[in-house]
Amino acid sequence: MSGPADGGAGSGLGVIIRGRGAVGNPPGRYAFRRVEVDADSAGTIADGDVVDAPSFATTVTAEATRRILTRNDSPDIPFDASINPYRGCEHGCIYCFARPTHSWLDLSPGLDFESKIVSKPLAPDLLRRELARQGYRPSPLALGANTDPWQPVEAGLRLTRQIVEVLAEHDHPVVAVTKSALIVRDVDLLGPMAERRLAAAYVSITTLDPALARSMEPRAPAPHRRLATIRALADAGVPVGVLASPMIPALNESELESILGAAREAGATTASFSLVRLPHELGGLFEDWLREHYPHRAERVLGRLREMHGGRLYDPRFGHRMRGQGPYADALRRRFDIARRRLGFDAERPALDVSRFRRPRTPGTQGRLFG
């Protein structure tokens, strides 16, 4: 394997773990410790082997959160506030820009991010309390702006559903972002909200190739299930868009038009795309994964990304980080615009109604951390 990428430290491990995205567990940038795959528990490991690693089974830890809403002032993000009931994401998408946030917990953005999940059981009550504040001013709340709120652990914990219940009870608009079919469980809430212009959803589809999806996003629903999710949301009356994101040059960007076409046929009415973002440690993690899974494409992919980011794997500047620059980036934007118009996607996102909001009379008081 090569050395670390310019986007962050690589793992140097060279192990493909069954059902996991990252091929290593490098320490985060604030780390006091380092955790690696235990060769005794994983079996005999050779470079590039696919192994089981019991030490990276999924665990969930409850967090005593004090605040639940995150405010946003980034000019290239289309929402003012978001809520995330989980830290980390078991889907294991190697490209996830949220991976570096696990460093704040003294955990690795690698395997720890997808196996050590942190839940926020107080989230529904904290949200109710926030909505009850006299100074609170409603705007469409983004649910799933960081990690997926309908990731596998949600099936049992149901924190996301409780959050949607609070929003529905008080007629607060919500924009749901997911790649999970589990969101269909909650159409009994989202459908009636959509009738009152209080809900919209966006489903992320990165590829239509099942093999690429299995290696790039190992525990996320397969592409055909995401298309079925778009169809189910649309049938329930929920305005639904497709996020053809992230686009990775020389890996999945050739699928841009086919992703948009399949999503439109399934019922999506709006569409957007973004270029892969590799902040902090994610650059090294992504390069390690690329060299293990697609060694013959690695230099071409990395070279294109550097071409689009002024010689680096990632340019953090607003307006550049999700689109890139240069001829290749310009061509990708033109392809998207042409396909969007040809397929008849709406140019604007659905407008949600903040005027219906009803402030809670009293803050929630029933939350329990370990109940």
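## A covered helix

Welcome to this predicted model. After α5 comes D171, which has a positive phi, near 50°.

In soluble globular proteins, nonpolar side chains tend to be buried together. Here, the largest nonpolar core holds 56 residues, and L127, I230, V242 and L260 have the most contacts inside it. Helix α9 (residues 256-266) supplies the largest share of this core, with six residues. Another core lies apart from it and has 31 residues, including Y95, L285, L290 and L305.

Beyond its neighbours within four places in sequence, I230 contacts V203, I205, V240, V242, A263, A266, G267 and A268.

## Salt bridges

The model has 21 salt bridges. In one of them, K116 pairs with D112, with the closest N and O atoms 3.5 Å apart. K116 is partly exposed at 23% relative accessible area, whereas D112 is buried at 2%.

Helix α11 (residues 298-308) contains R304 and E307, three residues apart, so about one helical turn separates them. Their side chains form a salt bridge of 3.3 Å, N to O. In helix α12 (residues 327-343), R333 and D330 also sit three residues apart, and their closest N and O atoms are 2.2 Å apart in a salt bridge.

How values were computed:
Residues numbered from 1 in each chain as written. Predicted model: local features only at pLDDT ≥ 70, side-chain atom pairs only at ≥ 80, totals over all residues. Heavy atoms only, no water. Core = buried A, V, L, I, M, F, W, Y, C linked by side-chain atoms within 4.5 Å. Buried < 20%, exposed > 50% of the residue type's maximum accessible area, 1.4 Å probe, protein only. Helix = DSSP H or I, 4+ residues; strand = E, 2+ residues; numbered from the N terminus. Contact = heavy atoms within 4.5 Å. Salt bridge = Lys/Arg side-chain N within 4 Å of Asp/Glu carboxyl O.
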